[in-house]
Amino acid sequence: MSLFRCPLCAAPLERTAAAYRCPLRHSFDLAREGYVHLLPPNQKHSALPGDDREMVRARRDFLSKGYYKLLLNTICNLSVALSAEFPTVLDAGCGEAWYTAGVHQALLEAGKRPRMAGTDISKFALRSAARRTHDVEFAVASSYRLPLDDSSADLLLNCFSPLALEEFHRILKPGGTFLYVVPGPEHLWEMKKILYDAPYPNEEKETPYQGFAYREIIPVNETISLECREDIQNLFRMTPYFWKTPKAGAERLSALNRLSTRISFRVHVFEKL
C-alpha cells in the first residue's frame, strides 16, 4: 500500500506497475520517470505550477557539486537521531530530491527501515526527483493539501518551501518531528552585495506555532568558493533574487568567473504536541 491517499476521496491508494488506484476506482497514472500526479485541476493556480525546467536544472546541477553538503549532513544527522527504527518520512516541497535522497540513504546506513515520500507542486522537479532515487514515492501535490492520512508521518522535512502549518500538523503523528530549514541572516551575503546597491540581511526570528513545541534552532554557516561562471549562474537561478534583481546587478554577477560567499541556514526543530 502507498503512503499516499486519493486526492479525490481520501481513500488509500495502491501502487501498481502503471498507476495508483483507490477502492473507488479513481486512478492516477505513473509518469515514465516513476512519479504520480495527485494535484487535481481545481487546486492548480497555473498550467505549470512551481519551479520551471530551468530553475530545476540549475538547482540540480549546483547541489550535485556538494556546495550545500554541510546543510545536508546536518539534516541527515538530525533525521537519524530523531527517528525510530521504522520511520515514515515526508519531504514536503522536495524539489529534485537532493535532500530527500540523502536523508533516505542516511537512515538506511544507520540501520533503520524508512518509508519515505516526497511531494512538490512542480512536475519538472519531480521528473528529476524520481530519476534520482527509486526507493522513495513522489507525487505532484500541494503542501496545502497533502495526499497523506492524518497522523501518518513520524518526520516531516521542509527545506525552503511554503510553510503549510495546518497540513503539517495534520499529517504528523503526536510526538513527530518537523524540521524547517530557512536561510540565515547573511546567506549569500557577498553575492547580494554584487546584485544590490544596498543589500539587507534576512530576518531571523523564533516564531512559536500552535500545536508544535520548539526543541532547538541549529545554525549552519560556511563560506563556499565557486570557481566557474556556470556555478555562479546556477546559484543565482535557484534563488528568488533571479526574479527581482535590477539588470545592472545581474550584469555585474554575470561578469564574474569566481565568487566566494557565505552560506547561512537555520534548521528549526519542532515536535508535534
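Partly exposed describes a residue whose relative accessible area lies between the 20% limit for buried and the 50% limit for exposed. The structure discussed here is a predicted model.

Q: Why is Arg 262 called partly exposed?
A: Arg 262 has a relative accessibility of 28%. Buried requires a value under 20% and exposed a value over 50%, so Arg 262 counts as partly exposed at 28%.

Q: What makes the contact between Glu 190 and Arg 262 a salt bridge?
A: The N to O distance between these side chains is 2.7 Å. The cut-off is within 4 Å, therefore Glu 190 and Arg 262 form a salt bridge at 2.7 Å. This pair links distant parts of the chain, with Glu 190 in helix α6 and Arg 262 in strand β11, 72 residues apart.

Q: Is Arg 59 buried or exposed?
A: Arg 59 has 14% relative accessibility. Because buried means under 20%, Arg 59 counts as buried. Its salt-bridge partner, Asp 51, lies 2.8 Å away, N to O; at 23%, Asp 51 counts as partly exposed.

Q: How do you know that Glu 54 and Arg 57 form a salt bridge?
A: Their closest N and O atoms are 3.3 Å apart. Since the criterion is within 4 Å, the pair of Glu 54 and Arg 57 qualifies at 3.3 Å. Both residues lie in helix α1 (residues 53-63), three residues apart, about one turn of the helix.

Q: Why is Glu 54 called partly exposed?
A: The relative accessibility of Glu 54 is 37%.

Definitions and conventions: Residues numbered from 1 in each chain as written. Predicted model: local features only at pLDDT ≥ 70, side-chain atom pairs only at ≥ 80, totals over all residues. Heavy atoms only, no water. Buried < 20%, exposed > 50% of the residue type's maximum accessible area, 1.4 Å probe, protein only. Helix = DSSP H or I, 4+ residues; strand = E, 2+ residues; numbered from the N terminus.
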